[in-house]
Amino acid sequence: MSRRIAIVLFNLGGPDNPDAIRPFLFNLFADPAIIRLPNPLRVILAWAIARKRTRVAKDIYAEIGGGSPLLPNTEAQARALEAELADLGEVKAFIAMRYWHPMSQETAMLVKDFAPDEVILLPLYPQFSTTTTGSSMRVWRDACRIARLDVPTRAVCCYPTESRFIAAMAAGLRAAHAEAAAHGRPRVLFSAHGLPEKIVKAGDPYQWQCERTAAALAEASGIPDLDWVSTYQSRVGRLKWIEPSTEAVIHEAAHAGRPIVVVPIAFVSEHSETLVELDIEYRKLADEGGAPCYLRVPTVGADEGFIAGLADLVRAGHRRGSTCEAGDGGRICPAAFSGCPSKAA
Ligand SMILES: C=CC1=C(C)c2cc3[nH]c(cc4nc(cc5[nH]c(cc1n2)c(C)c5CCC(=O)O)C(CCC(=O)O)=C4C)c(C)c3C=C
Ligand SMILES: [Fe+2]
Ligand SMILES: [Fe+2]
């Protein structure tokens, strides 16, 4: 009989309509991985921040029809991955979003109904952060307990330099760079979602992994003398976030009259942070600063090579247990390894 394998794709989730924005933001700020305060303080603060942020967020999501396309885009990746892995057995890819539906508890019930022989957790975050993959793994474990889902589970923690992910992004970079080069020497920004600096100082490996992705991508592009820099976008709140900010570097490059190419390296599909922040807000900044050209490289989405790379990670997890593509003594994903549910099959 063929093996039944459930793949659980982790992503952040996004509000699917304007009324979902406030509860989505509440869920985000109530996460102890995001706001590191004890309860009831955290929940009170989450309620207040969500209330205040809702106005800004409604304007953001209004630019893309009032809701996030993250779920349909993740569903397309799920279907592509199932097709790519059909030879392993009966493979079904489920989606567990962290802050909006379908969330881990709903998904754990669906996985239980599927009755798999094995579960493989696969974050749609190439770089590990305690705020994203770490947080999703923690709630997945709780959801499994509640759903009484007790199946051998393996986890992929991260894949910051996975060769086919990098190759797919490099192809997009080469195309944008060639177009921008008609206007002068392009300034290339490898832009990742930022984090409060204190989370990185507490040991989160995300920034270090983002820099490895950027370096791998610069190298794989094969563009001689590429002028690139790692930057961080999407700052919210009053804390100090990691630098340099994507906005500041765009401002500087635009005022220097340079063509600008922005490559989102921590997102693997399109949503508000790419379609609004990068394509509308930062483009405006570049135009106003006088940049002769502003191009944003698309995310990999359901690109054939990228999906094949994810499939390789699943196959490695299927064979060996918890996988770490770098395998460098734990530096790359310490939290994932001490925390991810992993049972010998
Ligand atoms: C690499 C991925 C991400 C990290 C790391 C991350 C950390 C992080 N995010 C916030 C606050 C917000 N993020 C918001 C949207 C959002 N964030 C990510 C990814 C990462 N976040 C994605 C993919 C999205 C888009 C969701 C969608 O539109 O579908 C938002 C909501 C939008 C807004 O109001 O700007 C907030 C708020 C914090 C505080 C944080 C780390 C501490
Ligand atoms: Fe975010
Ligand atoms: Fe790893």
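I began with His 193, which counts as buried because it has 24 C-beta neighbours inside 10 Å; by the rule I used, a residue is buried if 20 or more other C-beta atoms lie within 10 Å of its own, exposed if 12 or fewer, and partly exposed in between, with C-beta atoms placed from the backbone. The model is a predicted one, in which local features need pLDDT of at least 70 and side-chain atom pairs count only at pLDDT 80 or more, while totals for chains, interfaces and linings use all residues. I number residues from 1 along each chain as its sequence is written, with chains lettered from A and ligands numbered from 1 in the order in which they are written.

I found His 193 in strand 5 (residues 187-193), where strands (E, at least two residues) and helices (H or I, at least four) are DSSP runs numbered from the N terminus. Leaving aside neighbours within four places in sequence, I listed Gln 233, Ser 234, Ala 266 and Glu 273 as the contacts of His 193, a contact being two residues whose C-beta atoms, placed from the backbone, lie within 7 Å.

I then turned to Glu 273, which sits in helix 10 (residues 272-289) and is buried, with 22 other C-beta atoms within 10 Å. Not counting residues up to four places away in sequence, Glu 273 touches His 193, Gln 233, Ser 234 and Phe 267.

Which residues does UniProt list for "binding site"? The unreviewed entry gives His 193 and Glu 273, in the numbering used here, with feature names shortened and with annotations that may be inferred rather than shown by experiment. I noted that they are spread over 81 residues of sequence and yet cluster in space, the largest C-alpha distance being 8.3 Å.

**Two domains**

I looked up the division of the protein chain next, and it is split into domain 1 (4-159 + 304-339) and domain 2 (164-296), with bounds that come from an automatic or database domain assignment. Their C-alpha centres lie 24 Å apart, and 29 residues of domain 1 are in contact with 22 residues of domain 2. On the side of domain 1 that touches domain 2, the elements giving two or more residues are helix 2 (41-62), helix 3 (70-84), helix 5 (130-147) and helix 11 (304-320). By class I wrote down 16 nonpolar, eleven polar and two charged residues for that side of domain 1, where Ala, Val, Leu, Ile, Met, Phe, Trp, Tyr, Cys and Pro count as nonpolar, Asp, Glu, Lys and Arg as charged, and the others, Gly among them, as polar.

**The nonpolar core**

A nonpolar core is a set of buried Ala, Val, Leu, Ile, Met, Phe, Trp, Tyr and Cys residues joined through C-beta atoms within 7 Å. In the largest one, which has 98 residues, I found that Ile 7, Val 8, Met 169, Leu 217 and Val 263 touch the most other members. Helix 6 (residues 163-180) gives the largest share of this core, eight residues. Domain 1 and domain 2 both give residues to this core, so it lies between them.

**Ligand 1**

How many residues surround ligand 1? I recorded 24, of which the closest are Gly 14, Ser 68, Leu 70, His 271 and Ser 272; a residue is near a molecule if its C-beta atom, placed from the backbone, lies within 6 Å of it. The elements giving two or more residues to this shell are helix 1 (21-29), helix 2, helix 5 and helix 10, and helix 2 gives the largest share, four residues. By class the shell has 14 nonpolar, eight polar and two charged residues, and it draws at least three residues from each of domain 1 and domain 2.

**Backbone details**

I noted a cis peptide bond joining Asn 39 and Pro 40, with omega about 10°, and placed Pro 40 in the loop between helix 1 and helix 2. The peptide bond from Glu 243 to Pro 244 is also cis, with omega near 0°, and Pro 244 is in the loop between strand 6 (228-233) and helix 9 (246-255).

Ala 115 has a phi near 55°, a positive value in a residue other than glycine, and lies in the loop between helix 4 (104-114) and strand 3 (118-123).
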